[in-house]
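Q: I have a structure open here and would like to go through it piece by piece. Could we start with the strands and then move on to the helices and loops?

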Amino acid sequence: SPGFHVVLGNEACDVDSMVSALAFAYFLSKTAHSDTVTLPLLNIPQSELVLRSDNVFLLRQAGLSPELLIFRDQLDLRALERAGRLRLTLVDHNVLPSDSYLEEAVVEVIDHHLLEREPNPTCSVTVEMVGSCATLVTEHIIQKAPEILDQQLAQLLYAMVLDCVNMDPAAGKVTPKDSQYAAALERRFPTLPPRGALFQSLQNAKFDVSLNTEQMILKDMKVVSETFNVAISVLYITLEEFFQRVGLEAELSSCCQKFGFDLLILMTISFTESREPIRELAVFSQSSRCREQGNRLASRKKLLPLVKAFLKEQSGDRCPGPGEEEESDVPPTPMNSLVEGCPLNEGLPQISAQDLQEKFSKLE
């Protein structure tokens, strides 16, 4: 039986994570000389792709059918790991909080978030705080196998302009390396869509809010599990607009109960007329509280480590239950806490090696 080298993006599966997984898996498939099957794996169930309208837009623009992609509920990573047939590369994240049983299989990391991994001589780590993980993947390809770059691959990688907010320094995301490799793609492929036009198209697709509340929360969400089960979701709408949704409190309560969230942190992002980002923060538990975030440049990438640190500090404290007096700043833990119903933790159906090889060969 063949082994599998899976390139896994993060559980938010935003454009940057999807592109990084697709592009780096393609790079490995073209440069690795072994019988191992190399696969990009989108870290969401297949049914959730439709919630990521910007991902769907980019795939359509690059001429890639979503039917060719492989999703988390189509491949049993646990079974492959137990059989000793799995090698794992992480892109756009560097730890596996929900999948710690896969840690032994991790052989490489490419990421632009705060490094949380413990050093391991068997795992190559590239972590650099650039604006987009796709920038680091582009660097990897141009330095090691520039001959594999074609228009389609460049079009995917060029989506780095979204995470880098159109390479605008005022947004606080872009770095010189991001600009360097965006320009490198532009020089090699002058027929790429204009930078501003691509950014605006992806932005328009990303800010499509014709979704129900649960879909909006799942669209761009990460989960931290320490003392509490905490979901951090990015909403592409102002907090004021979000609070005007009919039946919002009941929908948020239902979502927390369904997925076992003790706390739901909602980070909204919108833009002023001069295109400066406005970030707001709301925290929901059994009772909802909202606070404005003073630092509008602070994205989830910066907030997530702070939340994790807070949870570790609280590990010795008990959160009061429903009906009890609150003795700290932590909202009370709902009765539905720690339900083990997260879609990514359910049993996953098998898909044959031949099916996967046929799928991925169509991407080449």
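Q: How many bridges pair S4 with S5, and in which sense?
A: In this predicted model, strand S4 (residues 106–111) and S5 are paired in the parallel sense, and the pairing runs over four bridges.

Q: Which residue of S5 is the bridge partner of Glu108?
A: The bridge partner of Glu108 in S5 is Ser124, and Thr126 in S5 stands opposite Ile110.

Q: Is S4 mostly covered or mostly open?
A: S4 is mostly covered, since six of its six residues are buried, meaning under 20% relative accessible area.

Q: OK, zooming out, what is the strand order in the sheet?
A: The sheet is an open one of five strands in the order S2-S1-S3-S4-S5, with parallel pairing. S2 and strand S5 (124–127) stand at the edges, and each has a single partner strand, so one side of each is left without a neighbour in the sheet. On average, and ignoring direction, neighbouring strands of this sheet are turned by 15 degrees against each other.

Q: Which strands does H1 touch?
A: H1 packs on the sheet and touches strand S1 (4–8), S2, strand S3 (86–91) and S4, while its direction makes about 170 degrees with that of S2.

Q: What about H4, where does that one lie?
A: Helix H4 (residues 133–144) lies across S3 and S4, and runs at about 115 degrees to S4.

Q: At what angle do H4 and H7 pack?
A: H4 and helix H7 (residues 176–188) pack at an angle of about 55 degrees, and their axes are 9 Å apart. That angle makes H4 oblique to H7, and the crossing of the two helices is left-handed.

Q: Which residues make that contact?
A: From H4 the contact is made by Thr135, Leu136, Thr138, Glu139, Ile142 and Gln143, and from H7 by Lys177, Asp178, Tyr181, Ala184, Leu185 and Arg188.

Q: Switching to H2, how many of its residues are buried?
A: Seven of the 10 residues of helix H2 (residues 53–62) are buried, so that the helix is mostly covered. The buried residues are Ser53, Asp54, Asn55, Val56, Leu58, Leu59 and Ala62.

Q: What covers them?
A: The cover includes helix H1 (15–31), helix H5 (151–157), helix H6 (160–163), helix H8 (195–206) and helix H9 (213–219).

Q: And which residue takes a positive phi just after H2?
A: Gly63 does, with a phi of about 75 degrees.

Q: What does the side chain of Asn43 make a polar contact with?
A: The side chain of Asn43 makes a polar contact with the side chain of Arg72, at 2.9 Å.

Q: Last one, where does Val209 lie, and which residues does Val209 touch?
A: Val209 lies in the loop between H8 and H9, and is partly exposed, with a relative accessible area of 33%. Leaving aside residues up to four places away in sequence, Val209 touches Met216, Tyr236, Ile237 and Arg245. The C-alpha atoms of Val209 and Tyr236 are separated by 7.2 Å, although the two residues are 27 residues apart along the chain.

Technical notes:
Residues are numbered from 1 along each chain as its sequence is written. This is a predicted model: local features need pLDDT of at least 70, side-chain atom pairs count only at pLDDT 80 or more; totals for chains, interfaces and linings use all residues. Side-chain values use heavy atoms; hydrogens and water are left out. Buried means under 20% relative accessible area, exposed over 50%, partly exposed in between (1.4 Å probe, protein chains only). Contact means heavy atoms within 4.5 Å. A polar contact is a pair of N or O atoms within 3.5 Å; within protein, one must be able to donate a hydrogen and the other to accept it, and residues adjacent in sequence count only if both atoms are side-chain atoms. Two strands pair if DSSP finds at least two bridges between them. Axes are lines fitted to C-alpha atoms, for helices over the stretch in contact, and angles run from 0 to 180 degrees between N-to-C directions. Angles under 35 degrees count as roughly parallel, over 145 as roughly antiparallel, 65 to 115 as roughly perpendicular and the rest as oblique. A crossing is left-handed if the near helix is turned anticlockwise from the far one by less than a right angle, and right-handed if clockwise.
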